[in-house]
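This report describes selected local features of one protein model. The sequence and structure are shown first.

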Amino acid sequence: MSEKKKFETDAIRTQTPITDEREHSTPIYMTSSFRFDSAEQARALFANEIEGNVYSRYSNPTTDEFIDKMCKMEGAESGVATASGMAAVFSSLAALLSQGDHVLASRSLFGSSHQILSQILPRWGISFTYADTDDTNRWEELVQPNTKMLFLETPSNPGLDLIDLEWAGEFAEAHNLINMVDNCFATPYLQRPMDYGADVVQHSATKFIDGQGRAIGGVIVGKEKYMEEISFFSRHSGPALSPFNAWLFSKSLETLPIRMERHCDNAEALAEFLGEHPKVNFVKYPFHKDHPQSDLAKKQMKRGGGVVCFEVEGGLNGAKSFIDKISMISRSANLGDTRSIVTHPASTTHSKLTEEERQAVGITPGLVRIAVGLEHKADIISDVEQALNG
Ligand SMILES: *Cc1c(COP(=O)(O)O)cnc(C)c1O
């Protein structure tokens, strides 16, 4: 029964063993703890002599199903689910790094990941350096004797910059670095960093994994050696995901492949439209011909993903006026929802960065991000068109 199945089948058929009730869909095990048949069983469970659930901060059957699916989809050995994407990022960093360690990170990281590296970890003596994703030749000289980890995000939020995962795998191995990738934008359906040598992969499940804008959550999967440390950290520090949210995410994963196909269809069509529009200075979408790394995107991603960035003419005022004229698409700060969402990164998600930091990652005042949803593409494009022309 454990023969390898196709991605779509694993997304649906990976299931916690059914109970005597013969349920078809896995129940939500909303229980904080589990009963022991005897004092001896309790002792053996705590001593790790037998396997079984004890307490939902450590493990829970609904949460385990979500983790098992993510492991299969990413090609990972084990995983930990967390209460948010940031809990996944923080737990991985805190579990794997110690005082005196250094992190080499791709410059265009998610806003809160940047805050962890720049504001929180330095208090514990952990330093970092940013490197540009399009100039990997320079990374060599940025490695320090205490560099322990590569922390990458590709495609990045919101600039959609890519990093060559095959190069990163070789680089990390040559320098003996833990290779950690935030795979939130691509999802394992479009890109599997572990196939290129990544050691740890994390996600904000809030985004495409839930896919319906309902719940906050995260997940970390990877090689056993590292996941052991992360599991230990998570078990005792407690960022555990609620079984209810795990159930939502596991159900959502059943439709991840078909949803991602539609997100990509719609995003491609929108990027094409924007690329031709006179009021758009530039469009950035991994599979669009104007993206400077579109060849790399086609090498390591199945399709371009569900997020499109572009700069409207008129700078900050141009962007604000465009966003205010939007009628159907939601003004919100999320992405990966069925509903298309428009965001102004410079004044919202990335407002905590300094002007120079934003400049360095291409977040100009006129940059707009659209997380393209699953509405009909004609309606999405028509809303964008009227807002540009209005
Ligand atoms: C949203 C996001 C996160 C953080 O996830 P939360 O679920 O909001 O905590 C981390 N990385 C990327 C790339 C994201 O888009």
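## Packing of helix 5

The buried residues of helix 5 pack against helix 4 (85-96), strand 2 (102-106), strand 3 (127-131), strand 4 (147-153) and helix 14 (355-360), contact meaning heavy atoms within 4.5 Å. Helices (H or I, at least four residues) and strands (E, at least two) are DSSP runs, numbered from the N terminus. In helix 5 (residues 111-120), the buried residues are Gly 111, Ser 113, His 114, Ile 116, Leu 117 and Ser 118; buried means under 20% relative accessible area, exposed over 50%, and partly exposed in between (1.4 Å probe, protein chains only).

The model is predicted: local features need pLDDT of at least 70, side-chain atom pairs count only at pLDDT 80 or more, and totals for chains, interfaces and linings use all residues. Residues are numbered from 1 along each chain as its sequence is written, and side-chain values use heavy atoms, with hydrogens and water left out.

## Backbone geometry

Most residues other than glycine have a negative phi, and most peptide bonds are trans. A cis peptide bond joins Thr 154 and Pro 155, with omega about -10 degrees; another joins Asn 157 and Pro 158, with omega about 0 degrees.

Asn 176, not a glycine, has a positive phi of about 60 degrees and counts as exposed because its relative accessibility is 68%. Thr 187, in helix 8 (residues 187-190), has a positive phi of about 65 degrees and counts as buried because its relative accessibility is 1%.
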